[in-house]
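Please open the structure in a viewer and keep the selection tool at hand. The stops below are intended to be visited in order.

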Amino acid sequence: MGDVQVVEMPVPVWSHVCRLDDLALPYALPERATECLDLGPGWTRTWTVTWKTGKSDVIVPVKDLSAGPAMASVPVRRFAWRTGQRHRPGLECLVTTGRQHGFESLAERWLLLVLDFVGGFDEVLAQPFRLRFSSSQGKGSHIPDFLVLAAGASCLVDVRPGGLIGEEDEVRFAAAAQAAAAAGWRYMVVTGWRRQVLAGIDALSVRRRPMADPLGLERQLLTAVGQRPWRFAELVDQTHVPAVARTHAVHLLWHRRMAVDLTLPFGDATWVYPAGGRDG
């Protein structure tokens, strides 16, 4: 008999409790990048951060980064649109904040959409500040892509496809990680997403905005799924108007009032669970 091959099943990612870390592909900064940085005594005083407030620049040492004028700031780098540019900037409206946020690439746009789904934050600042640091290669600078502000859990985020990260990027990311740690923030580099995650969240996002429910279909959906899990098509059939209930079911899933496994394709055959139920 031949060897038996064991296939590991993917760990479910439940839509109603997932966090950004559960959805993004893991990325670990190499130690050599941090070793290149000048982190000698007093580095938090010599490294600086430049915020832009209106037409003025506010420069503070890294040791005072968390006390910077974040909520009064504007992006330190303008979002430009021109013929022939290789990246695709734009604006993404987030339900969480109720306003539009700039992005410089489609990869950044996906991050904003995922953040809107995950929620739990107060504000997202694009291109928040310019960090100036020292390394074995001399002076360097870096503008992180986003600062996600949340009570007690703020996070500095860079977005870069894994295959495009070079050695200079690694040093800049390592510097951003050190600055974030000095401010009491988390830091992460988003290089990509777990399989199926973006397709599922994109499908749910079409019904993320507020919806009127004069027929009481959301109550019917929640009552049905509270009794037992259903496949999506069977669940909407439990209501008085299944065709209309489809849009409300997607709305409830986006707002985490029902649950699906985001690692599986989303469609009529998708199992829908009660939020916080035994399997969800």
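The model is predicted: local features need pLDDT of at least 70, side-chain atom pairs count only at pLDDT 80 or more, and totals for chains, interfaces and linings use all residues. Residues are numbered from 1 along each chain as its sequence is written, and side-chain values use heavy atoms, with hydrogens and water left out.

**Stop 1: a helix pair**

Select residues 197-205, helix α6, together with residues 242-254, helix α9. Helices (H or I, at least four residues) and strands (E, at least two) are DSSP runs, numbered from the N terminus. The axes of α6 and α9 come within 8 Å and cross at roughly 120°. Axes here are lines fitted to C-alpha atoms, for helices over the stretch in contact, with angles from 0 to 180 degrees between N-to-C directions.

Next, display the side chains at the contact (heavy atoms within 4.5 Å). Helix α6 contributes I201, A203, L204 and S205, and α9 contributes V250, L253 and W254. Six of these contact residues are nonpolar, one is polar and none is charged. In this division, Ala, Val, Leu, Ile, Met, Phe, Trp, Tyr, Cys and Pro count as nonpolar, Asp, Glu, Lys and Arg as charged, and the others, Gly among them, as polar.

**Stop 2: a buried threonine**

Select T44, which lies in helix α3 (residues 43-46). T44 is buried, with a relative accessible area of 19%. Buried means under 20% relative accessible area, exposed over 50%, and partly exposed in between (1.4 Å probe, protein chains only). Leaving aside residues up to four places away in sequence, T44 touches P61, V62, K63 and A182.

**Stop 3: two positive phi angles**

Most residues other than glycine have a negative phi. Select Q127, a residue other than glycine whose phi is positive, near 45°. Q127 sits in the loop between β5 (123-126) and β6 (130-135), and is buried at 0% relative accessibility. Then move to Q196, which also is not a glycine and has a positive phi of about 75°. Q196 belongs to the loop between β10 (186-190) and α6, and is partly exposed, with a relative accessible area of 24%.

**Stop 4: salt bridges**

How many salt bridges does the structure hold? There are 15, each being a side-chain nitrogen of Lys or Arg within 4 Å of a carboxyl oxygen of Asp or Glu.

Select R32 and E170, whose closest N and O atoms are 3.1 Å apart in a salt bridge. R32 lies in helix α2 (residues 31-35) and E170 in helix α5 (residues 167-183), so the pair ties together parts that are 138 residues apart in sequence. R32 is partly exposed at 47%, whereas E170 is buried at 11%.

Now select R208 and E92, a salt bridge with closest N and O atoms 2.8 Å apart. R208 is in the loop between α6 and α7 (217-227) and E92 is in strand β3 (residues 90-94), 116 residues apart. Both are buried, R208 at 5% and E92 at 7%.

Finally, select R160 and D169, whose side chains meet in a salt bridge (3.6 Å, N to O). R160 is partly exposed at 31%, and D169 is buried at 14%.
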